[in-house]
Amino acid sequence: MAARLGFCLGSLLSFLDIGWKLCSGLTRAVLTNLCNAVGIFSDRCLMSPTLTDVYDISASSEVNNSGQTSQSKGPENDSSDAPKSICGSKSSQFVDKTSGSKHGTMSRPVEGAIIVGAGTSGLAAAACLRERGVPITLLEKSGCIGSLWKERTYDRLHLHTPKEFCQLPLMPLPASYPTYPNKKQFLDYLQEYVKRFDIKPIYNTNVDRAQYDENSKVWRVQTQGFSSSNGIEKAEYTARWLIVASGENAEIVMPKLQGMKTYSGSILHSRNYKNGSEYVDKKVLVVGCGNSGMEIALDLANFTAKPSIVVRDSVHVLPREIFGASTFVVAMRLSKALPLWLTDWLLVFGTWLTLGNLARYGLKRPIEGPLQLKQKTGKTPVLDVGTINQIKNGNIKVVPKVVALTTSGVRFENGEFESYDAIIFATGYRSNVPMWLKGNFFGEDGSPSASMRDGWKGERGLYAIGFTKKGLVGTFTDATNIAKDIGRAYDHDMLQTAI
Ligand SMILES: Cc1cc2nc3c(=O)[nH]c(=O)nc-3n(C[C@H](O)[C@H](O)[C@H](O)COP(=O)(O)OP(=O)(O)OC[C@H]3O[C@@H](n4cnc5c(N)ncnc54)[C@H](O)[C@@H]3O)c2cc1C
């Protein structure tokens, strides 16, 4: 019976596939728009403590405004050597002293746009704006580009989505790359990207505060920079446009659990997990069953650790490939042709045929389908890359919600106790924008507020990129839209000046 149903579904998919191929004239823009509409697959956390659990909400230190006393060239034109883009390296470019104030804050009026963050979103915005001839100043708190990928992810990481949905605007990922490039390949691509578009971020420069100045009609962006030669320096950049590209994953989310302080094993967040080599034969609890948690549990099993994974309530796990095709692509194609509920039904059914009844292993599905849930809550389905097999083999144990830690282990919701050598919290990240952007442009949860049209366009020259929970596909669209919008206004200004 299952085989026959599988055959029927396979036939339907093949039919849609042929239809799709016939429509091969459809451009990437169509794909992108579709994906936007559906908004699928980006890494999200499952445990969501309140904002106060995560942020130190105390206002960032006030920096005195020193005004625009000098006409600097701006860092975009700065000929000083850019750092070699190595995180943690001390060789970083720096906030230079254009004009000092009596309070020691350097004033840096810059032409064009200020971009906060040199992750994939900041780089995409920078490249698109440069192509439009708009000058940019890119401020990055770490010492490299793509610091999330470089510094805060595990070794075995590959893109979860096929490469054609992960490329940045104006430069595709190399044809020689596999469908799911690994972390190193993706970082190499980012290095090539900054080279191609001559993007020189100002590193080790944290944006502490940004506020619109109604009088001067500019954004005032206050930073603290660090260099080995000068120590800490404060600066204030001013520009007509501000682009927030500091990411949905800027701050870790760590739940506060009773007994955390007295637990004798090691505790870490997934951002600090690299591989399972130090956990051989150790009992490790992974808290959180998003894409990161599932993959870390798999990595631990591969390193012959004894991992357990906490599944608090329900989770959608889909195979990364369904009948040999990328589930992400299949989902997109189906949702183009069918209503979302039917697409969801087919995805769940296809998953059942491929992975079996996961509820038997403690992985209950939410009532709503994976795409409908993503659209409604932003919660991303897990794309399985082998974890389910290890769960079925008994190499990864599924356990319920943790209620407290003891000195040697944890107590679960069902009253049972288990000892663990280490606990890894794969409980996700949050944006840090509410900590530094003044005004009501972003909500307390770190997402753009309703005042940001479609999540990317705010008022008074404010833009955001990478905050629509659509992963790199969202970045692609936001960057293109932002460059068009600012480009038009910039051209208009230039024309006025010329007249
Ligand atoms: C493990 C993992 C796997 C993923 N896999 C995929 C995938 O396969 N496909 C997909 O589409 N998406 C994936 N994602 C989602 C991914 O995070 C985004 O697609 C993308 O990398 C986010 O880029 P970003 O530039 O918006 O944010 P980030 O990469 O987080 O970059 C933001 C930058 O801003 C800097 N910054 C933050 N605050 C400040 C400040 N105050 N001042 C100055 N600089 C600041 C940070 O240092 C950082 O460099 C994955 C995410 C994770 C965590």
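Q: Ala, Val, Leu, Ile, Met, Phe, Trp, Tyr, Cys and Pro count as nonpolar, Asp, Glu, Lys and Arg as charged, and the others, Gly among them, as polar. How do the residues of the shell around the ligand divide by class?
A: This is a predicted model in which local features need pLDDT of at least 70 and side-chain atom pairs count only at pLDDT 80 or more, while totals for chains, interfaces and linings use all residues. Residues are numbered from 1 along each chain as its sequence is written. The shell around the ligand divides into three charged, 12 nonpolar and 19 polar residues.

Q: Which residues come nearest to the ligand?
A: A residue is near a molecule if its C-beta atom, placed from the backbone, lies within 6 Å of it. There are 34 residues around the ligand. Those that come nearest are Gly117, Gly119, Gly247, Gly466 and Gly471.

Q: Which element gives the largest share of the shell around the ligand?
A: Helices (H or I, at least four residues) and strands (E, at least two) are DSSP runs, numbered from the N terminus. Two or more residues of the shell come from each of helix 5 (147–151), strand 4 (205–213), helix 13 (471–498) and helix 4 (120–131). The largest share, three residues, belongs to helix 4.

Q: Is helix 4 roughly parallel or roughly antiparallel to helix 6?
A: Helix 4 packs against helix 6 (residues 183–196) at an angle of about 25°, and their axes lie 10 Å apart. Axes are lines fitted to C-alpha atoms, for helices over the stretch in contact, and angles run from 0 to 180 degrees between N-to-C directions. Angles under 35 degrees count as roughly parallel and over 145 as roughly antiparallel. The angle therefore makes the two helices roughly parallel.

Q: Which residues of helix 6 meet helix 4?
A: Two residues are in contact if their C-beta atoms, placed from the backbone, lie within 7 Å. By class, this contact has five nonpolar, one polar and no charged residues. From helix 4 come Thr120, Leu123 and Ala127, and they meet Leu190, Tyr193 and Val194.

Q: Which are the edge strands of the five-stranded open sheet?
A: Two strands pair if DSSP finds at least two bridges between them. The five strands stand in the order 9-20-10-11-16, with parallel pairing, and the twist averages 25° from one strand to the next. Each edge strand pairs on one side only, and the two are strand 9 (266–269) and strand 16 (397–399).

Q: Which residue in strand 20 stands opposite Leu268?
A: Strand 9 and strand 20 (residues 422–425) run parallel and are joined by four bridges. Opposite Leu268 stands Ile424.

Q: What angle does the direction of helix 7 make with that of strand 11?
A: Helix 7 (residues 291–302) packs on the five-stranded sheet. Helix 7 touches strand 20, strand 10 (283–287) and strand 11 (306–310). With the direction of strand 11, that of helix 7 makes about 165°.

Q: How many residues lie between strand 17 and strand 18 in their hairpin?
A: Strand 17 (residues 402–405) and strand 18 (residues 409–412) run antiparallel and are joined by three bridges. Leu405 stands opposite Val410 in strand 18. The number of residues between the two strands of the hairpin is three.

Q: Which residue in the turn between strand 18 and strand 19 has a positive phi?
A: Three bridges join strand 18 to strand 19 (residues 417–419), and the two run antiparallel. Arg411 has Phe417 as its bridge partner, while Val410 stands opposite Glu418. The hairpin has four residues between its strands, and the residue with a positive phi, about 90°, is Gly415.

Terms used: Parallel < 35°, antiparallel > 145°, perpendicular 65-115°, else oblique.
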